[in-house]
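User: Hi! Please walk me through this model, starting with how you name its parts.

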Amino acid sequence: MRKLIISAILSLCFPLLAHAQTAPSQAAGYNLVWQDAFSTLNLCKTNIAGCNWYQSGVSNWPSEGAITDPSGTYANINWTSGQGSGITVMSTAANNVAHFHAWDLPVYIEISMAFNPVTGNWPAILLSSISNGGNPTYTGGEADMFEWDSTSPTWFQSTLHVWVNGTDTGSETIHPAPAGITWSNFNTYGLLWTSTQMCSYLNNVLMGCQSITSAPFNTVFAGQESYFLVLSEQEGCAGSSSCPGQASPLNMQVKWVHVFDGLSGSQMRGFQRGTVMQ
């Protein structure tokens, strides 16, 4: 069903994987297949091949906002009130998913990220299905690995969505309040996606799991297609783009991204580019 690039080819494209990061204990035995430590910012704004990231890369989402790599150590995703839209986005898929890096289960994805926890900041790390990203009617799965809302500043929020023509036909949310977290520091946000559930982690501590074995979640998260990664810095609070006392600027800083595949040997998948749906 999918075009798979095996580890031998992957090692040529990503030589740093020869000194691979080890998966955390919750993903023991998983193999690193993709990473970015942002020594340079490999970001494109057009639908060309060979880029790690695209701005915005999501169908019908705007491409405004500054995304920089100030010192070769992290990607800075910036939003200001003076830009033309309420969101700045980069993703591992080009617009209309003409080119992409995408993964499916079993997989563990972890991201080192910091943000300024001010009024109206709405940072998000999410996975979007290939069909969702390329569909102007917004149909497919969405897994929000992490969202933060200034009206619930102690919450770690993670939500699964099943969209049909722009309507959320099923959602499931966890929102624990982890103690001792400083959101402006770099913390590690992880998602373990298996055949039965999606589990969220913060600094390798389990925040909760969401079952994907029943409808409607089993219609989009059971391995039907691959998902690409989206990093989003958006204005708003309480689920709305309008927030009293909205702060500006907002920034989200991403130090690194690791993707670990749960398959092994000849089954191990690398990254995927281009349209592979059949």
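Analyst: Happy to. Strands here are DSSP runs of at least two residues, numbered from the N terminus. By that naming, Asn165 is found in the loop between β10 and β11 (167-174). One thing to keep in mind is that this is a predicted model.

User: Thanks. What is the phi of Asn165 like?

Analyst: Asn165 has a positive phi of about 50°, although this residue is not a glycine.

User: And is Asn165 buried or exposed?

Analyst: Asn165 counts as exposed, because its relative accessibility is 56% and the cut-off for exposed is over 50%.

User: Where does Phe38 sit, then?

Analyst: In the loop between β1 (31-36) and β2 (43-44). Phe38 also has a positive phi, near 60°, without being a glycine. With a relative accessibility of 0%, Phe38 counts as buried.

User: Let's switch to the cis peptide bonds. Which residues does a cis bond with omega of about -5° join?

Analyst: That bond joins Leu105 and Pro106, and Pro106 lies in the loop between β6 (87-91) and β7. A cis bond also joins Ser248 to Pro249, with omega at about 5°. Pro249 belongs to the loop between β15 and β16 (250-261).

User: Nice. Now strand β8: why do you say it is largely enclosed by the rest of the structure?

Analyst: Because 9 of the 9 residues in β8 (residues 121-129) are buried. In a regular strand, side chains alternate between the two faces of the sheet. Both faces of β8 are covered: Asn121, Pro123, Ile125, Leu127 and Ser129 are buried on one side, and Trp122, Ala124, Leu126 and Ser128 are buried on the other. Ile125, for example, has a relative accessible area of 0%.

User: How many bridges join β8 to β15?

Analyst: There are 9, and the two strands run antiparallel, with β15 spanning residues 227-235. Ser129 stands opposite Tyr227 of β15. β8 also pairs with β9 (residues 140-147), again in the antiparallel sense, over 5 bridges. There, Ser128 has Glu142 of β9 as its bridge partner.

User: Staying with β15 for a second, is Phe228 buried or exposed?

Analyst: Phe228, which lies in β15, is buried at 0% relative accessibility.

User: On to rings. How many aromatic pairs are there?

Analyst: The count comes to 16 aromatic pairs. Take Phe115 and Trp148: their ring centres are 5.2 Å apart and their planes stand at 50°, so this pair is tilted. The pair links distant parts of the chain, with Phe115 in β7 (residues 107-115) and Trp148 in the loop between β9 and β10 (157-164), 33 residues apart. Phe115 is buried at 2% relative accessible area, and Trp148 is buried at 2%.

User: Which cluster do the ring pairs link up?

Analyst: Phe115, Phe146, Trp148, Phe156, Trp183 and Tyr189. Another ring, that of Phe186, has the charged end of Lys255 over it, 4.3 Å from the ring centre.

User: Last topic: what is the volume of the largest pocket?

Analyst: About 300 Å³. The pocket is lined by 15 residues, and Trp61, Trp122, Glu142, Glu147 and Gln234 lie nearest its centre.

User: Which strands each supply at least two residues of that lining?

Analyst: β8, β9, β10 and β15. By class, the lining has 8 nonpolar, 4 polar and 3 charged residues.

Notes: Residues numbered from 1 in each chain as written. Predicted model: local features only at pLDDT ≥ 70, side-chain atom pairs only at ≥ 80, totals over all residues. Heavy atoms only, no water. Buried < 20%, exposed > 50% of the residue type's maximum accessible area, 1.4 Å probe, protein only. Helix = DSSP H or I, 4+ residues; strand = E, 2+ residues; numbered from the N terminus. Pairing = 2+ DSSP bridges. Phe/Tyr/Trp six-rings, centres within 6.5 Å; stacked < 30°, edge-to-face > 60°. Lys NZ or Arg CZ within 6 Å of the ring centre and 35° of its normal. 1 Å grid on protein atoms, 1.4 Å probe; cavity = no way out; pocket = protein on both sides within 12 Å on 5 of 7 lines; lining within 4 Å. Points joined across faces, edges and corners; volume = space filled by probe spheres on them. Nonpolar A, V, L, I, M, F, W, Y, C, P; charged D, E, K, R; others polar.
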